[in-house]
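Q: I would like a close look at one kind of link in this protein. Please take me through the disulfides step by step.

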Amino acid sequence: MRRPHVRALALTAVAAVMPLASPAPAAADRVVIGGYPVEISQSPWTVALASRDRFGGTRAGQFCAGAVIGRSTVLTAAHCLGEEALGAPLGQIRDLKVIAGRGDLLGDEGKEIPVRAVRVNPAYDSHTNAGDAAVLTLTEPLPASSVIRTAGSGDAAYRPGTDAVVYGWGDTTGRGDFAHALRAARVRVLSDSVCAEAYPDSAEGKYLADSMLCAGELDGGRDACQGDSGGPLVAQGRLIGLVSWGNGCGRAEGPGVYTRVSGAITELGAGR
Ligand code: 4AZ
């Protein structure tokens with residue numbers, strides 16, 4: 001399948017740090033590195049971004065994720081909507097949809113909702129990855145129970161050491177094994193210095209604490225990966241991050257970098 005994501009990853013080191021006891025079944029059911037399956041009803045704010053035209057129908061066209069922050073408003077990563085990720089300019093994608101209420105992409109639960117409007121953060125910088133956020137407006141509202149609160153700047157949930165959970169349908173091994181059922185992984189908010197040291201100005205990007213958030217495990221093993229981009233990082237019941245970038249997946253030397261939601265909301269004027 002087309003590689004839907006921006007980053008060219010160094011993927012080989014991942015298997016060594018996978019904390020799985022048994023060998024992986026061929027592909028499928030194990031999403032997010034080091035994660036576990038979750039029911040969509042447990043995280044109804046997690047949605048899939050999909051285009052069957054671009055990515056084929058096997059997994060309902062899923063290529064990124066997003067978080068429901070208003071009944072008709074989804075926050076996702078700007079890089080998900082770039083030509084590099086889509087393989088074509090956004091304006092040419094006629095069937096961009098948000099899939100809500102569907103954990104298993106092979107099923108038909110929930111709803112596929114066309115996107116009415118897209119606003120990509122004008123401050124997004126594809127070199128550093130700063131400001132990696134975009135807002136999608138849906139053609140029809142979701143239930144209020146699907147909306148997650150966003151963390152404002154200064155929220156205690158951003159403190160290093162805070163337990164957080166990342167959700168997605170992305171690669172579960174770093175070798176292109178995309179999940180079809182939603183998964184989650186427990187990670188920790190890491191201090192800005194961890195990511196600043198890992199990414200001074202690397203090929204992957206430059207860590208900028210103003211607009212980014214560092215999370216993962218110091219020893220690696222649990223992380224987001226390709227296909228999880230744009231998806232929610234949640235702590236203390238609030239949305240704190242969106243999956244953005246990193247060096248590989250689950251590697252101790254490559255912590256996960258997330259879009260800092262408080263800054264994105266300000267830049268996009270998406271606060272409520
Ligand atoms: C990606 O390419 C990607 N390990 C997402 C998350 C991470 C790395 C790459 C973080 O979409």
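To start, which residue does a disulfide join to Cys195?

A: A disulfide joins Cys195 to Cys214, with 2.1 Å from S to S. A disulfide here is a pair of cysteine sulfur atoms within 2.5 Å. This is a predicted model: local features need pLDDT of at least 70, side-chain atom pairs count only at pLDDT 80 or more, and totals for chains, interfaces and linings use all residues. Residues are numbered from 1 along each chain as its sequence is written, and side-chain values use heavy atoms, with hydrogens and water left out.

Now the link itself. The angle about the S-S bond is 80°, so the link of Cys195 and Cys214 is right-handed. Cys195 sits in helix H4 (residues 192-198) and Cys214 in strand S11 (residues 212-216), so the pair ties together parts that are 19 residues apart in sequence. Helices (H or I, at least four residues) and strands (E, at least two) are DSSP runs, numbered from the N terminus. Cys195 and Cys214 are both buried. Buried means under 20% relative accessible area, exposed over 50%, and partly exposed in between (1.4 Å probe, protein chains only).

What about the rest of the structure? A search of the whole structure finds three disulfides. One of them is formed by Cys64 and Cys80, with sulfur atoms 2.1 Å apart. That link of Cys64 and Cys80 is left-handed, with -85° about the S-S bond. Another disulfide joins Cys225 to Cys249. Cys225 has a relative accessible area of 5% and is buried. Cys249 is buried too, at 2%. Counting bonded cysteines along the chain, the pattern is 1-2, 3-4, 5-6.
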